Amino acid sequence: MWRIPEVIKDIHIDLETFSSVPIKYGGYIYSESPDAEVLYFSYSINGGPVIKIDVANGEQIPDYILSAIADDKIIKWAHNAAFERIFLSYWLKRNYPEYFKSYSIPEDSVSNYLNPRSWKCTMIWAAYLGLPLSLEGAGAVLGLDKQKLQEGKDLIKYFCVPCKPTKSNGGRTRNMPSDAPEKWEAFGNYNIRDVEVEMGIHDKLSRFPVPDEVWEQYWQDQEINDRGILLDMDVVNNAIKFDAFSKARLMGTLKDKTDLENPNSVAQLKEWLESKGIETDSLDKKAIVSLLKTVPTDVADVLKLRQQLAKSSVKKYQAMANSVCADGRARGMFQFYGANRTGRWAGRIVQLQNLPQNHMEDLEVARDIVKSGDYEFMTMMYDDVPDALSQLIRTAFIPKPGYKFCVSDFSAIEARVLSFLAKEKWRMDVFKKNGDIYCASASAMFGVPVEKHGQNAHLRQKGKIAELALGYGGSDGALKSMGALEMGLTEEELKPLVNSWRNANPNIVQFWWDVDLQVKNAIKKRTATETHGIKFVYQSGMLFITLPSGRRLTYIKPKIGENKFGGESVTYEGVGTNKKWERIESYGPKFVENIVQAISRDILCYAMKTLSHCFIVGHVHDELIIEASKDVDINAICEQMGRTPDWIEGLALNADGYCTEFYKKD
């Protein structure tokens, strides 16, 4: 018979839970719901047998487990541990407040949550090694003896979410264990199996541990997610109302102009265009922009109205309204290691990483109108209400009363890192002087002085698009994707532009192919290679790339294949663009892109660590959003953020910033 160990070192945990709030709104608001409860609680202590507790049927979680959950010296493991930690935080506060302990100071907003520093996550471990984030996906790729049970999705749908009342179910709005005892028993087995799979992943990956520094970064990420970011709910709710009013008006106007029953229907609008002698395969943004150049005025008016109708800005506001917690803060916006090729974050829920930019000169005026709720005044001031609402999305994020936002970001960090690694001296000199890289690039490409508002200023735009599109091996297609043709460049100009940029940056071009060669050598010879301070090693069926910070990028089952041009290429297994596990092709410039973005990410992490005494509430790409008291000096934050880590000595960094009463793109 199994006995409780005298010393508990770690616990593997999995919960099955119920809440009337959809989980897609985020784990925080899901867990905060008053009806949220634990159904099953399965655990394993120190790698021992899995114990299942049927909480929904009255079984009690032992006191030593409750105590261990709150004990910062005992490591709790789970797959997507953030969910277990957040849910148990609320659950303990409601049911066993004597066991709950937070890590808050009075000025912070993390008081509802258990300290993340005693939690570790097998999902993060899997992501660190280039595996799928899901428990099912990671277990399948690792070939575990015990795999996640397939019937779990149906059982979760049956027991974990409200059900629709029908005659056949007696009008109930929730399925209880007594409604389907056999399903309930199967659900318990599913709960046990999840812990077993989680432990299997842990054992399989034990030879390749996550570095302590990465766990430190994860804990800081959890703290930022716990802190959340305050929302101006007047702006959010009024924006949703304004959008509904606007869409109703636009639909009415479109119906009058086209006599269509539903002018928002692609099929119906295509038929209407055909009746006007205009044929198009698509009505997406690019197609409409192209059509607007040639169609008659009456047709252009309809297409412009449809563009406004198609604006999806309200989805962001709706996501804010759905995810906001009781204290007015939105939480869980950032997924640590969401991009597992580089270790960068991915956005969740509101997706701060892809918010529309704001270009309105009267941004504060527009925001005040929305906050006031005066829709008629809004329509008087702005012809395109959906566009105005789109530009105001960022402004819904605000600091708490008495505070301000200090927003600081790195200047051209990827270009700086790429130039430093490749030892492209003229570029490094530009960055040391904090010069304009677009002007300098254009000058190097065309052999003439280029000044932003001076001589040959027209060439700066070519320098800019070349810089943005060509640093990682891009050619004509990359320029087109960056909007080169829409910016006025011709097809004939693209290839010469590519050649000019590459001729001006020979060391970067050489860096691409040096990396390409050393990756191939490492795979072919099953050995360790190095170039430009980056180390490559083939080990245990994986290619590891060691960055200057010591962190490693992982490529699973790499091999040498043949590309579509008949040349050698590297392929490896990973999550592809369709989010399926597949074999992915890569080559030198693409590996360089991963390396540069990964190093840029590590530099941001270094800055976050040096600024960890501040209330960081968000980060977007290479930008930090800090909730600061009114007397904080933005220059001091930028100076600290711009410090170069000792592991990449010589890299010239620069951070710029501004203070604001609401979030915006300055």
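Reader: How are the axes of helix α23 and helix α24 oriented where they cross?

Author: This is a predicted model. In it, the axes of α23 (residues 506-525) and α24 (residues 588-610) come within 7 Å and cross at roughly 100 degrees. Angles of 65 to 115 degrees count as roughly perpendicular, which makes α23, relative to α24, roughly perpendicular.

Reader: Which class of residue makes up the contact of α23 with α24: nonpolar, polar or charged?

Author: On α23 the contact is made by F511, W512, W513, V515, D516 and V519, and on α24 by G588, P589, F591, V592 and I595. By class there are 1 charged, 1 polar and 9 nonpolar residues. The class with 9 residues is nonpolar.

Reader: How are the buried residues of α14 arranged around the helix, and which helices do they pack against?

Author: Helix α14 (residues 363-372) has L363, A366, R367, I369 and V370 buried. Down the axis of α14 these fall within an arc of 160 degrees, so they line one face of the helix. The face turned away from that buried side carries the exposed E364 and S372. The buried residues pack against α9 (233-258), α15 (375-381) and α16 (385-391).

Key: Residues are numbered from 1 along each chain as its sequence is written. This is a predicted model: local features need pLDDT of at least 70, side-chain atom pairs count only at pLDDT 80 or more; totals for chains, interfaces and linings use all residues. Side-chain values use heavy atoms; hydrogens and water are left out. Axes are lines fitted to C-alpha atoms, for helices over the stretch in contact, and angles run from 0 to 180 degrees between N-to-C directions. Helices (H or I, at least four residues) and strands (E, at least two) are DSSP runs, numbered from the N terminus. Angles under 35 degrees count as roughly parallel, over 145 as roughly antiparallel, 65 to 115 as roughly perpendicular and the rest as oblique. Contact means heavy atoms within 4.5 Å. Ala, Val, Leu, Ile, Met, Phe, Trp, Tyr, Cys and Pro count as nonpolar, Asp, Glu, Lys and Arg as charged, and the others, Gly among them, as polar. Buried means under 20% relative accessible area, exposed over 50%, partly exposed in between (1.4 Å probe, protein chains only). The arc is that of the directions from the helix axis to the C-beta atoms.
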